[in-house]
Amino acid sequence: MTSDNIDHTKVPDQSHQEHQKKQAPQNSHGSRQERVRAKQQGRQKQQEQQEQQEQQEQQDQQEQRQNAQHNTAESSRQRSEAEISAVFELHRLGLSLSAMVSAYAAESGMNGRDAEALLIIWQAQLSHASLTASQLASTLGITRAASTYMLDRLEQRGYLVRRPDPDDRRKTLVRLSSAGSDFGESFVKARAPHGTVDQPLFVGRSAAEVALFASMLHELNEAMDPRALKVMKASLRQSLHEE
């Protein structure tokens with residue numbers, strides 16, 4: 001076969017093949033660089049997103065701390081105001097009760113101290129608690145000598161009886177007679193014409209709410225220092241005397 005008979009269209013161009021061989025590694029290298037660059041960009045973008053998320057979380061946490069501090073300060077302020085208001089209202093209540101006892105005592109022909117003593121003994125008996133003469137004197141904030149004189153007067157009027165304490169003969173227990181108990185019950189009924197303590201404070205209140213209120217008052221009385229009670233009673237009596 002002669003060279004003239006060779007089909008040159010089917011014979012690969014040698015220079016073209018060499019060019020393709022040189023270009024192939026370059027294309028492959030370029031593809032790898034693009035993939036590496038794409039990965040780096042992806043990691044960078046992911047890192048930026050993570051940093052933004054962390055910054056947002058830090059901002060949220062800071063806002064939460066600030067809100068918590070604000071709420072704590074506000075709650076502390078509100079509690080302080082509530083405690084001051086509660087003490088003030090208790091003082092008003094003490095004045096009102098003392099005035100109420102004094103007015104009822106005057107209607108019954110006795111002084112306020114005697115009436116207060118009878119009501120204290122009456123309350124102790126309702127609670128099935130024993131009350132000694134010294135305990136009564138301490139509650140009233142008076143000396144034992146003054147307490148003895150007062151008890152003599154009330155006993156002569158038939159409002160109470162005194163008996164030795166069976167557990168300790170050195171102590172004297174005080175209890176109301178039927179006349180003394182009638183005085184206590186009459187005091188409540190005088191404040192409640194229908195035979196119940198129908199005061200505005202208890203209107204619409206359930207038995208559980210009234211019991212909770214009584215329990216809180218009892219805990220308050222038990223927690224207060226006797227010296228503070230003595231000072232408070234003296235202040236109340238002075239305020240009533242000034243009125």
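A residue counts as buried at under 20% relative accessible area, as exposed at over 50%, and as partly exposed in between, with a 1.4 Å probe and protein chains only. At 2% relative accessibility, S147 is therefore buried. The model is predicted: local features need pLDDT of at least 70, side-chain atom pairs count only at pLDDT 80 or more, and totals for chains, interfaces and linings use all residues. Residues are numbered from 1 along each chain as its sequence is written, and side-chain values use heavy atoms, leaving out hydrogens and water.

S147 lies in helix α4. Helices (H or I, at least four residues) are DSSP runs numbered from the N terminus.

| Helix | Residues |
|---|---|
| α2 | 112-126 |
| α3 | 133-140 |
| α4 | 144-156 |

Apart from neighbours within four places in sequence, S147 contacts A133, A137 and I142 (heavy atoms within 4.5 Å). A133 and A137 are among the buried residues of α3, together with L136 and L140. Viewed down the axis of α3, these buried residues fall within an arc of 100 degrees, so they line one face of the helix; the arc is that of the directions from the helix axis to the C-beta atoms. After α3 comes G141, with a positive phi near 75 degrees.

Helices α2 and α3 pack at an angle of about 125 degrees, their axes 11 Å apart. Axes are lines fitted to C-alpha atoms over the stretch in contact, and angles run from 0 to 180 degrees between N-to-C directions. The two helices are therefore oblique to each other, given that angles under 35 degrees count as roughly parallel, over 145 as roughly antiparallel, 65 to 115 as roughly perpendicular and the rest as oblique. R113, E116, A117, I120 and I121 in α2 meet L136, T139 and L140 in α3.
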